[in-house]
Amino acid sequence: MTTITPEPGNRAPARPSLRDGAGAPGTLTAVSHADQSHATTPAGAPKPPGAPRPTQVRPVPLAELAGQLGITAPRPQSPAATAPEPPGVTGITHDSRAVRPGDLYAALPGARFHGADFAPQAAGLGAAAVLTDPAGAERAAATGLPVLTVDDPRAVMGELAATIYGEPGRDLLRIGITGTSGKTTTAYLVEGGLRAAGGGPTGLIGTVESRIGDERVKSERTTPEATDLQALFAVMRERGVRSLAMEVSSHALRLGRVDGCVFDVAVFNNLSPEHMEFHSGMEDYFQAKAELFTKARSRVGVINTDDEYGRRLAAEAEVPVVTFSASGRPGADWRATDVVTGLFDSTFTVLGPNGERLTARSPLAGPFNVANALAAITALVAAGYDPQTAADGVAAVPGVPGRLERVDEGQPYLAVVDYAHKTDAVESVLRALREITPGRIHAVLGCGGDRDRTKRAPMGAALARFADTAVLTSDNPRSEDPLTILATMLAGAAEVPAAERGTVLLLEDRADAIAAAVARAEPGDTVLVLGKGHEQGQDIAGVTRPFDDRQVLREAVARAAASHRNDQG
């Protein structure tokens, strides 16, 4: 294998800055960061806890919900001979702290506690009834509230939520994106295409944030729980949203978070090892993703046939399939050709099944983002949009938070933050940046604690193999000892033959690691901070402290520049 270390004589001449003249310093993206959600209602009062809720909901009789479940309608635990009819239900939540008057409180079994333990809190906040399983029924009934008892409350929560909020998804065009890598980027690109097509406000639901038109709400997980998701759909409908893009995780499919949803278009990007702490293996992981391409979950599938699991899925999906290939694979319905990669973007031509020929652009660099852009264009076409309008809308997206996001303080080298936190994604980003970096790559990476341990050594090896400087550090160690995680990553790096690996550094403190990478940067180099992307905090021993890779990198670059000026002075 050819070593990745550049020869000393191959260094590029010094450049004053990688910033173009038209842009202001800083991030490539023009959207607000994920933590810039609205904190108050229009009247200035604090928002109630929990996900956004619609303001107008028709009360649903408890008997109607019981009938949907196939059980007898309960009555309040009242000693009176003629107990009053239970009030209508106007909301649903699985979080006792987020209960609002009129809610159905879903008391779910948990690893440490049962949701029924918190039924008194829900009752005190005005819950109208409780949904739970036989194990929680007695505790729920002790509150005096009516109780709907089923064997698996999680399995019915989504459908009940859809009923309570008036089936809001029926009035929305929904494009769902799944896969190991690229979900967030593809969702942003699809939403950009929807905006460009016109027709009113659009929606976005994903890892970074949810968007309801122009309002942004910080996300707690990639795909919200079913109770929150249906409420979000209802809010979107109420505010005039007619179409949305949404990330759909394997957890969401297996845990019923998208129950009650039938997506108009389902997109599959790729599949590689991830979440092995949740799935029993790759087959289980694939089967979870494949659920999105059943008639119960979607109407049309858009599938990447460059991926081996994508080719299998295209053959096995229950729904009609449209295929795409960023490599120009013969037989794909939509193909990319004439790809030209640049420092910050890529241009390409899209060939369609009926002779279509589109001018297209990925607003983010790298071959994998050509695939994401092509996925978005194909999904929009499958949803009925004009192909060139779709391509133009994707090209106009200003960027995606924490995805190849540039930090520019006028330095003569490229500084980038990316969310890549799995082996294939790390390799893809490093390969892409290698193509546009005349100098060396100094990369920072950690692995999360209490998550898939099988990927730690391979990620350490990937960083050591593909970066000139591999700085191993902490990510979100959570309850684990950071040094234990780093030891596994270092063992992976050590498996790379010495002639094929870069310099490996180990720094437990993430800010120190970023500073070390910046200190090694020279004109024409790239500093790459991987793993956390848009995240705003770092979880160490159960305490989350503020930490934003973009801000920490920006400060490190500014300090290095100031130190350099002082040395020259």
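A crossing of two helices is called left-handed if the near helix is turned anticlockwise from the far one by less than a right angle, and right-handed if clockwise. Helices here (H or I, at least four residues) and strands (E, at least two) are DSSP runs, numbered from the N terminus. With that in hand, α5 passes α11 in a right-handed crossing.

Please keep in mind that this is a predicted model, where local features need pLDDT of at least 70, side-chain atom pairs count only at pLDDT 80 or more, and totals for chains, interfaces and linings use all residues. Residues are numbered from 1 along each chain as its sequence is written, and side-chain values use heavy atoms, with hydrogens and water left out.

**Two helices that pack**

On the α5 side, Leu189, Gly192, Gly193, Ala196 and Ala197 meet Thr389, Ala390, Gly393 and Val394 of α11, contact being heavy atoms within 4.5 Å. Sorted by class, this contact has 5 nonpolar, 4 polar and no charged residues. In this scheme Ala, Val, Leu, Ile, Met, Phe, Trp, Tyr, Cys and Pro are nonpolar, Asp, Glu, Lys and Arg charged, and the others, Gly among them, polar.

**Salt bridges**

The whole structure holds 32 salt bridges, each a side-chain nitrogen of Lys or Arg within 4 Å of a carboxyl oxygen of Asp or Glu. Here are some of them.

| Arg | Glu | N to O distance |
|---|---|---|
| arginine 216 | glutamate 209 | 3.6 Å |
| arginine 550 | glutamate 405 | 3.3 Å |
| arginine 554 | glutamate 409 | 3.0 Å |

Glutamate 405 sits in strand β16 (residues 405-406) and arginine 550 in helix α16 (residues 549-568), so this pair ties together parts 145 residues apart in sequence. Both glutamate 405 and arginine 550 are buried (under 20% relative accessible area; exposed is over 50%, partly exposed in between, with a 1.4 Å probe and protein chains only).

Arginine 554, also in helix α16, pairs with glutamate 409 in the loop between β16 and β17 (414-418), again 145 residues apart. Arginine 554 counts as buried at 19% relative accessibility, while glutamate 409 is partly exposed at 37%.

Salt bridges that share partners join Glu191, Arg195, Glu209, Arg211, Asp214 and Arg216 into one network. Within it, arginine 216 is buried at 15% and glutamate 209 is buried at 1%.
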